[in-house]
Amino acid sequence: MDVSNFISQFFSPAAWSLIKSLGECFMSPTGFLIWTTLLKSALLLVIILGLVSYTVYAERRVSALIQDRLGPNRVGWQGLLQPVADAAKLLLKENFTPKSANYFYFRLASKLAMVPPVLVLGVLPFGSSLFGVPMTIASVNVGALYVLAISSISVYGIVLAGWSSNSKYPFLGGIRSSSQMISYELSLALSLIPIFMLVGSLNLNQIVQYQIVHGWMIAPFWPQGMSLDTLLHPLALLEAFRAGCSLQRVLIWIPLFISFILFFISMFAETNRLPFDLPEAEQELIGGYHTEYSSMGFALFFLGEYTAMIAGAGVITTLFLGGWSLPLVPDGSHGWFWGLVNIAVFFAKVIVILFVFIWVRWTIPRFRYDQLMKLGWYFFFELAVANIFLAALILTYVKR
Amino acid sequence: MNPLFLEYTVVLLGIILLMVEAFLPDLDKKKIALAGIAGLFFVLFLTWMPLHSLSIESAPFYTTDPLALFFKRFMIVMTIITLWMSLDFIPVIQRGIPGERPGAGVGEFFILPIFACASLMWLVSAISFIMLFVSLECMTVVLYISISYLRKDPKTLEAGTKYLILSALTTGFLVYGITWIFGITGTTSIEHLADSIALLPPQSLTPLLFGVGLVLVAFCFKIAAFPFQFWLPDVYQGAPTPITAFLSIASKAAGFVLLLRFLEQLYLIPTLGKKVFAVTTLLAMMTLLFGNLAAMAQTNMKRLLAYSSIAHTGYVLMAVASIGAALALPAIGFYLVAYLAMTSLAFIVLLIVTETSGGNEIYCFQGLHERSPLLAAAMTVAMISLAGLPLSAGFFGKFFIFQVTFQQGHYGLLGVGTISVVAGIYYYLKVIKVMYWKQPSQGSAPITLSKLTTVLISLLIAVILILGIYPTPILMSLQ
Amino acid sequence: MIVNRKKLNWVERLYLPAIIGGLAITWKHFQRSLLGKGVITMQYPEEKWDAHLPEWYRGAPTLVKDEHGREKCVSCQLCEFICPPRAITIEPMEIPEGDPWRKVEKAPRAFDIDMARCIYCGLCEEVCPEQAIFLRKDYSITGLNRNEMIHHKEKLYELGGVMTGLVFKWNEKK
Amino acid sequence: MQLTLFWIFSSLMIAFGLGVVTLRSPISCAMCLVSSFICLAAVFVTLDAFFIAIVQVLVAAGAVMVLFLFIIMLLNLQAEECRRVKLGVMLGGTVVVLSFVVLLSQALESSPQFSKPIPVLMAPSQDVSMIGMTLFHSFNLPFQIVGVLLLVATVGVVLLSRRTLR
Amino acid sequence: MTTLSHYLMASGLLFSLGLAGVMLRRNILIIFMCLEMMLSAVNLSLVAFSRYGIVNGIQNYDAQVLVFFIITVAAAEVAVGLAIIVALFRSRQTTHSEDLNAMKF
Amino acid sequence: MSPLLFLIILPLVAIVLILAGAPARVTSLLATGFNLIWSLLLFFHYDTVIGGWQYLQETRLIPQMGLNFTLGADGLSLTMLLLTTLVSFAAIWVTPKLERSPSLFYCCLLFISAGLAGAFSSLDTFFLYGFHEIALIPVFIMIGTWGSGDRQAAAWKATLYLGAGSFIVLLGIIALYLAAPSSMRSFDFRVMAELSQNEMSHPASWIYLILLVGFGTLVSLFPFHSWAPSTYASAPAPTAMLHAGVLKKFGLYGLIRLALPIFPAAVGRFSTLLLFLLICNILYIGYVTMAQRRLDWTIAYSSVMHMGTIFLGLVAFNILSLSGAALLMFGHGLSIAALFALCGALRSRTETLSYHELGGLAQLFPKASLLFGFGTMASIGLPGFTNFAGEILIFFGATATVIIDQGSLSFMIAIIAALWGVVISAIYMLRAYRAVFFGPLIKAEGWINTKDLSFYEFAPITMLLVVLLITGIFPHLILNLVNTAFR
């Protein structure tokens, strides 16, 4: 009170009342929601942008290391400023639009490619809570579906880029990419259904909560109710394991693991990564749908692609790897430190997955296009459907 | 037996045949058709099994009242006839589809009608708008595919496209109408529509009428009543002949079942019913006049049959407008059965003649009597029956309908009906004329029929003639 | 010879073992490189490969003089003719009266090689009847603009230096 | 809040709808329709129908319209050249549409039930599970029929779009 | 305050725009798009009726299920329809409704 | 099983046999021959003492609607059945060798024969009407395929007129049916008549008008007659025989069965109208007939004209005139059939029937000339022929109506006109006879055939004329039976 009185003497009464009402507005539930959301969005965006640029860097470094090389190491210590240099270069280059391209859609496409992956991030719970604010920008009760819906929208940028360039290679790349994405969206969506059946909710937060209690989706054995204390008592530990393990839990692991594999592999196709990078197959299509782009347009595609990768990794983390949770680590309600730790855990998991993405990229050669489509339609789709039936059978007929 | 098993059996039959087609590609496609026919006969037999009541979930959607059962049998019979006809259509299918092997795509031509049959069986049992919408769409999708089946023929595709656009438009109207009815009454049930309407405040009737109007427009599209009939001739002409038969008989009958179920409810609400039935009467008149007068100018047999089908819609609408009469429902049922027999007979003959004379213009029927007396006789019987000349099924159909109309005192409708009948005699006789009066054109060979076809044709002739003297069983089953 | 493709059994057809095997291999490389072992990258400006350049290395084309300090080039223009990217431009001139090498008649007034175009194919060296043009080991040819990338005669002789003990057929003439 | 969102998104939706009807280039039409669908989804959200909104985006915008876009590109459809405008058709179309709107507004004015404020929801929206319950319990039969429909459509699309059938 | 009639009018406008498109446009693909627009307009009406028709604070989800069905059916219809249109284009090299005149009276 | 069913089924069986490949002519001759014998048996077996409906059979079809398949006959029906079988037998016998699908021709004839037998033996209006309509298509096919002259137009005209006419009849029948209270509705015309007499049913008089228009079209009553001449002129002889001889009588039969008993009052009310029409039939058509310059057209018009006289018998509406009408129907049926058969025989020889191209045929075809003379006399109504007996009875009956009921002026005019009609018919028939058979032989070359009538032409015509003579001399053979119907 004293403080406010102290401050108030610097303002005229009218201005002070305005400030006070503004402050009240700020702290009212709606206002609070709005500014925390904005803040969270900004925070996430910053993190993601950083992550994207360093993923690109990591990609180059890891690929070099896998190929017994060194990779960029000149700009800054160990080349850590390389992304900054790249960004500067992309921004400063000439932004060129081919004469025969459809200008409007050509420009629109690169923006459209960037938006959906960023939108996906909006529903990911990237932490437990910080100062009582849940670390999800929007906790929607159809979160998982939202992710799928938005990723289905992301086709447009690519298709439009391919079409509007009015050139053969981008066109082929665009068509390839979008049909690939549509095809794999099916198995992507279908592979998630066992999870929904198990959890009984589409809300990503609730899925994470479920995993905290019952164990990660890819872990068949889970010590239920384990804490630091139980670690010291072998009997209690055993009891915790016994409580977390049932026949159903073990059996359901099979479809869940299949789901995980399906989702993971489909994610590669969905983000146009090797071994499914047919749309950008350099040997055949130059650069695919973004062949004609330069400068910022090109950067946006790149950004979009890597954001999609990160978002995909985030979704995998949330759905299968327990999200921000780690056994024995308390959540954000125990203090801001643990909240930060949770966020770090989440991003650590994301980074591990990103590493796998890169690792796979430099291991497995590219598929042929018909093989890719065949794999999607003849194998993954059927497997996903069969998997749903398997999960349904287990959930219905095996005792909990 | 659970009544739903009827449809399940049909769907199962379809899926099994699809599997057979997929995994035994070298199988003679005729066998698939024959298996389909046999399976449908089995289902037809099943319809006479005692049915027990439905589960609570399905009961608001599905009914097994006599009307539904009657039309289920109707649909099964029509599907059997369609498949049977298609046996003679195999060479045309092979010509019309780009296939690696001669048998490619033929099997599915026999399998799709089976699915259509299942959806039609659901449709005639539908007592909820949702069920109605879903099963109607299922049938429509099958028809889209079947109509544009012979892809090498641009006409077929054109017909398919036209049907596609107009059906989709119909769907839009139907669903919008359903929405309004749901919005006002709070129910999607057709069965209890009248009860729900009776509870409404009077000012709700205007928006309700809006919804009812939209639904009626959609139904009129389906049965091709007057202002919404323009799509029909092109579609009929372009579609593969067995599918045209199916379209003009099964889908139309289904449309009438829906219309009946819907109007029956409105009839119970006098304030609403009066307006609706005035419109129906007007529609019937216009449809009759348009169908008959336009049919007189046709030179193409398929188009002629198309316009005649519009005309017959008009006749059935006469009975629909007179729904208050005791015999209206049996009259409609009987008329549609008669229509089934005679129209499918006409289409079978048309199919064979088209194949042997290379066209479906009326002049292709020249001297048919000298090329194949049985075909000519069959066509004559069909035409006589379509024209409504006595001692054929068509006569009884018209007779009942006129009687019902008379009973309700729709004299204007009767007058228009009389004009239509005379006009009908004119254009149906045109076909008979060509078959008997003219000599066969140069180089046309006598037509030999396969045994199966002969059996089918004879059966249909017999049915038409027997129903022309003894309509009682059909009439009884709807009372 | 016909090599029949191997018939895969079902485990192999799953491809998973192969993929895992592949991942293991790449992981091994990654691990080793991460620890600094086996990395073969050379830190270029600091470390260079010059010492290891083989005898036959084809670097920038240069002109050479003989032991008498005389231009070997007689500006026959064969190299200009053969050059695939047309990087060579020669302006011939007559050797003035009184010159001891007058019997050769011609020498280049200007001899330009555009290094921005040169593809280091070595055809000029091969075609030269006087063995006046040689590809030497210089590979870092740089310039700040296009003009700087054109090597004039002086530069070419500077790079080429003297080449002795080779064919010099005009010596026997006159 | 609801009102503002409604006005923004519904007017956008209609504006984009107008674009579909008036724009000449098929691609623009398709993109307008996509935008219109997305705005429609937003309007759904103002009605607390999250599930439907997402399904609208997922199916209509994400799958159906992509298919459209594909076909437009595949067939390389150019903008409609200005063909002779048929006055009769134009006039007829306008009249039908206008009369439709007039009818609708009359229907809307006739009853007070259309001007009630929005009722309050008791519980937080549980629409996914509720729709799931409705779909799989009481609407089981129609759901099965939709299954048959999709089967048939799949068979049909393969039949119609393969270049040569096997 | 948004009332039911706001939503219904918006939906009706969209529906009539679609209808106008069906009647005025000549490209079959665009006609087909307009049909899709009509169906989605209907969905809006349905959802609005469902939201405003609340009894005792509980929504009637029948309408939303119907919307779900409509979306599904429309998708299937589009798949088949586009297959037909593509086949038509392959054989006729046109998607103009005016060029569909092989059959005339 | 009613023995009448045999009459209907036998031709149908014959058709099936022919379709299955039996020799057409022999089979159909046998069938109609048996039918003739069978109908004669039935005719003479009918118990005139008991009278009323005999040989009854009733099959219930739709009990709720009162729709049955009822067969039965009284004197009038039997007379008409006899006429049917006689004329069909003669028609089939007289059929010449055909080039195009003869079996179809015989099938059509048998169809008409079966339909007529059914129509005259059904007691249900529904089947009465239905069996008659069977003839429509065979006639259409026959005229179009084997006819002469402007056959296509004629076929269309006839079929459309008759189709429309019979449809109007159908509407009338439905109206009649619906006039009864719903629990008693029936299509049986006996029940209908009974109900209307017991005042249970109140058919409005406009129904009578509908029926009159409908049946009138079938009989070629004055404003609805224009189909008849062209049809008969272009039809092949057997068709014309059956159609003009028997089929056309169906309309009259229907009026007698339906209109008269159910609407006694309406008959009286509208008698002036009907009288006016029939005067037109007699005088106007009579003069038109005189103006004809072709034999077939003359005979065709004459058959239209004679309907007027029969109508007079119906309007007079007493037992005398009705018996006369029945008798005249029988007689006219036979005579006109004989004349058309002769026409056909001549046309097949000369290819023309125009008066100015013919003449003196008696020299070439004496047998034909003789038979035609008899036919002419019968047609005019000279004593000794059934026509005479019928006409006389009609005049008497009509006069009786005038005297007893203080009949109107129009009635008297009608009687006078009908008498005048006899004179007119004498004029045109004799002129035709003279123009064709007497005078100089104009042209004989180019004719297909100059032989006189063969046996298969001569015999059936003779048979018809002999029956005409017998019943003309002993009219009570028929009157005994017919009277039971009007008692």
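This is a predicted model: local features need pLDDT of at least 70, side-chain atom pairs count only at pLDDT 80 or more; totals for chains, interfaces and linings use all residues.
Is Ser295(A) buried or exposed? Its relative accessibility is 5%, and buried here means under 20%, so Ser295(A) counts as buried.

Its side chain has a couple of backbone oxygens to look at. One belongs to Leu90(A), which the side chain of Ser295(A) reaches at 3.0 Å. Another is the backbone oxygen of Lys93(A), 3.3 Å from a polar atom of the Ser295(A) side chain. If you set aside neighbours within four places in sequence, the contacts of Ser295(A) are Leu90(A), Leu91(A), Lys93(A), Glu94(A) and Asn95(A).

## Helix H7 of chain A

Staying in chain A, have a look at helix H7, residues 155–164. Nine of its ten residues are buried, so the helix is largely enclosed by the rest of the structure. The buried ones are Val155(A), Tyr156(A), Gly157(A), Ile158(A), Val159(A), Leu160(A), Ala161(A), Gly162(A) and Ser164(A).

## Chain B as a whole

Now for chain B. Its secondary structure is 20 helices and zero strands. The radius of gyration is 22 Å, close to the 23 Å that the globule rule gives for 479 residues, so chain B is as compact as a globular protein of that length.

Of the 479 residues in chain B, 71% are buried. Take the contacts in this chain between residues at least 6 apart in sequence: 81% of them join residues at least 24 apart. Chain B exposes about 13300 Å², with carbon and sulfur atoms supplying 69% of that area. As for charge, chain B carries 24 positive and 19 negative side chains, and the centres of the two sets are 8 Å apart.

## Which chains meet

Six pairs of chains are in contact, and chains D and E share the most contacts among them. Other pairs don't meet. Chain A and chain B do not touch, with 15 Å between their nearest C-alpha atoms. No contact joins chain C and chain E either, and their closest C-alpha atoms lie 32 Å apart.

Terms used
Residues are numbered from 1 along each chain as its sequence is written. Chains are lettered from A and ligands numbered from 1 in the order in which they are written. Side-chain values use heavy atoms; hydrogens and water are left out. Buried means under 20% relative accessible area, exposed over 50%, partly exposed in between (1.4 Å probe, protein chains only). A polar contact is a pair of N or O atoms within 3.5 Å; within protein, one must be able to donate a hydrogen and the other to accept it, and residues adjacent in sequence count only if both atoms are side-chain atoms. Contact means heavy atoms within 4.5 Å. Helices (H or I, at least four residues) and strands (E, at least two) are DSSP runs, numbered from the N terminus. The radius of gyration is taken over C-alpha atoms; the globule rule is 2.2 Å times the number of residues to the power 0.38. Accessible areas come from the Shrake-Rupley method with a 1.4 Å probe; for residues, only the protein chains shown count as cover. Lys and Arg count as positive and Asp and Glu as negative; His and the chain ends are not counted. The place of a charge is taken as NZ of Lys, CZ of Arg, CG of Asp or CD of Glu.
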